[in-house]
Amino acid sequence: MTTIRREVLTLPAAPLGPDNPLPPLRPLDEAHRIDERDRADLPRDMARQVGYEPLRSLLPAPVRDGYGRVREPREFDALVIENDRLRATVLPALGGRVTSLFHKPTDRELLYVNPVLQPANFALNGAWFSGGIEWNIGATGHTTLSCSPVHAARVPAPDGGEMLRLWEWERLRDLPFQVDLWLPRDSDFLHVGVRVRNPHERPVPTYWWSNIAVPEDRRVLAPADEAWLFGYERRLRRVPVPTHDGADRTYPRNSAYAADWFYEVPDGRRRWIAALDEHGHGLVQTSTGVLRGRKLFVWGTGPGGRRWQEWLTEPGTGGYCEIQAGLARTQLEHVKLEAESEVSWLEAYGPLDADPEGEWHTVLRGAEDRLEAVLPRTGVDAAYEAWRPHADAEPGERLATGSGWGALEVLRAGWKLPGTPFEEATLGDEQRPWLHLLHAGSLPEPDPGAPPGATLVARPWRDMLETTAATPVAEYHLGVAQWHEGDRAQAVRSWERGLKNAAARWPLLRCLAVADQEDGHHERAADRYAEAFDDLCARARDGAEGSPRASGTSGVSGGGEAGAREALPGSGGETSWTAATAALGGEAIGALLAVGRTADARAVWERLAPSVRARGRFRLTEAALLAAEGRRAEARAVFDEGFEVADLREGDEIIGRLWARLADEPLPARHDFRMRPDGA
């Protein structure tokens, strides 16, 4: 029978650090955007879904960019689900990631297991790490829950044993979801039942991709003769499978650059994807038909792809690729989930032994026949039907606790969500101001001068903000909600109203500066950034002398004394003031340099804490500042001394562009993260 137990997993890990306290009014530079020239050639349903409700901002999720690259042994609570054949290890504090899937009869690990936890800037909101099986929900990209806790509990399984249920509230689309994992008696396959619910009275865009990391010395098989190829030059085109441009691309090492291969699996064909080594051993994933998409992601053999592989783990540990399964053909699409409805499916993960070498269709037939022998397609469909009545089963023993955001939404709307209870006991400091708004009709007076707390942007919360007293804190949050909804003129008016009586001006000034940048008023944006940074620095100085304050409150207030700096959990002692000055200072320097105000940018730089200036991101900023001042030799010396930009964004070429201004020789390998061909 299946057992579920707790364990402690110790890994060399970089701490996540504090979240960025500035509201993300713009998406991070998202690499997965389609070139408009390619839209006309897409199938009609695909074109419709590519254009359906793209993400306007990350709100209400925060940007997670407080991590570094200094790793120390750290303990993580793990949940192990096991039978006589398989052992799966799950990390509930990190998005419910399945970090290992071990097949006991053959003594083989079926996944790529990262020996370290190194956050990197790949999630929609920043921090993400590689390895294992991750559950991506929300919008195009890695989920904002990549490094966040989820709820977990024991639940009765269809065969009378136990399931491990994971559930959370996805905040980008305001959708509850669950992932049920169980191992039927004597089964070689981990069964995973997934359900996404839309409790709203309107349709909601939905996105799901299960992302599986496997060693890259494999051949990847999927039942398709064509694929949609998408690279970091942002072109999407239909290409043949397995051979394209003279090479068999089902071998990950035959691609020079990072790319996505979205397989065009014919309607009616069994949905599966496998990665097999040269001996024919490996992992297969299959599902019921709702999960239609299948994908291979490769890093490529070029210097940028290899550098990213090292960046995410340790040199010498071997590379990986990703095989994936999703709701749509590609990850560029969002699917409409109708009002008060749900979508669910079943996935299965386990070992597969088949010959990977030879003519493509012969190989596929052999692998599919072998899969049918060990896990019939009808068996997967039957397992799904057996699981569905258990999806509503109330969880038993709680094994991990996620966020309180789901509890807040359930309190607001009164939704009944059998199987996924979001209990009031999970409400915390972040939800407390919004709970007060819900019950009392007003936002509480915040701790004066503290960095802003979480902002809610869904329409019901905006409606409440529009009818509450027009205090500076309410105008701040209302403006953010209006901005998110695309009502930018109203957002600016709200922030300007709030500014008139705000004691702490910097959060509102920063929002107005972003609005100025978006409208092309770059000089005014620079002025506002400079004023905001001045105000923040004054309040940070005052904050060193007062009494401690709780986290999660807003710094937009109508008056009062400034309080003390606060230490942030997991941040290595960093204060909220340090996080705020780093975030705002970095934006301010960029805005000032954009209009040629190098002296003002230098003034901001010099007021940053030494610990901030020593970070790799700010060493790069220093080099850009020196270059703007005409001090090219000193800027080049920053490169020669070496630095690591811990939060370098996927596809970001800022390092290479600055290097090209300073030197004629090729970009040093340690700084080469390019994910596309030169000139593409």
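Let me start with the rings: this structure has 21 aromatic pairs. The rule takes rings of Phe, Tyr and Trp (its six-membered ring) and pairs them if their centres lie within 6.5 Å; planes under 30 degrees apart count as stacked, over 60 as edge-to-face and the rest as tilted. One of the pairs is W169 with W415, which is stacked, at 5.8 Å centre to centre and 20 degrees between the planes. These two come from distant parts of the chain, 246 residues apart. W169 sits in strand β10 (residues 162-170), and W415 in the loop between α5 (405-413) and α6 (432-440). Helices (H or I, at least four residues) and strands (E, at least two) are DSSP runs, numbered from the N terminus.

A word on the source. This is a predicted model, where local features need pLDDT of at least 70 and side-chain atom pairs count only at pLDDT 80 or more, while totals for chains, interfaces and linings use all residues. Residues are numbered from 1 along each chain as its sequence is written, and side-chain values use heavy atoms, with hydrogens and water left out.

Back to that pair. Are W169 and W415 buried or exposed? W169 is buried, at 1% relative accessible area. W415 is buried too, at 17%. Buried means under 20% relative accessible area, exposed over 50%, partly exposed in between (1.4 Å probe, protein chains only).

Next pair: W299 and W308. Their ring centres are 6.3 Å apart and their planes meet at 25 degrees, so this pair is stacked. W299 has a relative accessible area of 2% and is buried. W308 is buried at 0%. Both belong to one aromatic cluster, together with Y112, F122, W128, F297, W311, Y320 and F673.

R69 lies over its face, 3.5 Å from the ring centre. The rule there: NZ of Lys or CZ of Arg within 6 Å of the ring centre and within 35 degrees of the ring normal.

Now helix α2, residues 303-312. Why call it largely enclosed by the rest of the structure? Because seven of its ten residues are buried. Those residues are G304, G305, R307, W308, Q309, W311 and L312. Their cover includes β6 (120-123), β7 (126-128) and β24 (320-326).

On to the sheet. Nine strands form an open sheet, in the order β15-β21-β22-β26-β12-β11-β10-β9-β27, with antiparallel pairing. Two strands pair if DSSP finds at least two bridges between them. β15 (219-221) and β27 (398-400) are the edges; each has a single partner strand, so one side of each lacks a neighbour in the sheet. From one strand to the next, the twist averages 20 degrees.

Look at β10 and β11 (residues 175-182). They pair antiparallel over seven bridges. W167 has Q178 as its bridge partner, and E168 stands opposite F177. The two strands make a hairpin with four residues between them, and D174 in the turn has a positive phi of about 60 degrees.

How many residues of β11 are buried? Eight of its eight. On one side these are L175, F177, V179 and L181; on the other, P176, Q178, D180 and W182. β11 also joins β12 through six bridges, again antiparallel. There, L181 has V192 as its bridge partner.

What lies across these strands? Helix α4 (residues 377-387) lies across β10, β11, β12 (190-198), β22 (281-287) and β26 (341-353), at about 135 degrees to β26. Axes are lines fitted to C-alpha atoms, for helices over the stretch in contact, and angles run from 0 to 180 degrees between N-to-C directions.

Helix α5 brings us back to W405. W405, G406, A407, L408, E409 and V410 are buried in α5. The buried residues of α5 pack against β10, α6 and α7 (459-467). After α5 comes G414, with a positive phi near 70 degrees.

Last stop: K295, in strand β23 (residues 293-298). At 3% relative accessibility, K295 counts as buried. Its side chain makes a polar contact of 2.6 Å with that of Q331. A polar contact is a pair of N or O atoms within 3.5 Å; within protein, one must be able to donate a hydrogen and the other to accept it, and residues adjacent in sequence count only if both atoms are side-chain atoms. Beyond its neighbours within four places in sequence, K295 has contacts (heavy atoms within 4.5 Å) that include W209, D260, W261 and E322.
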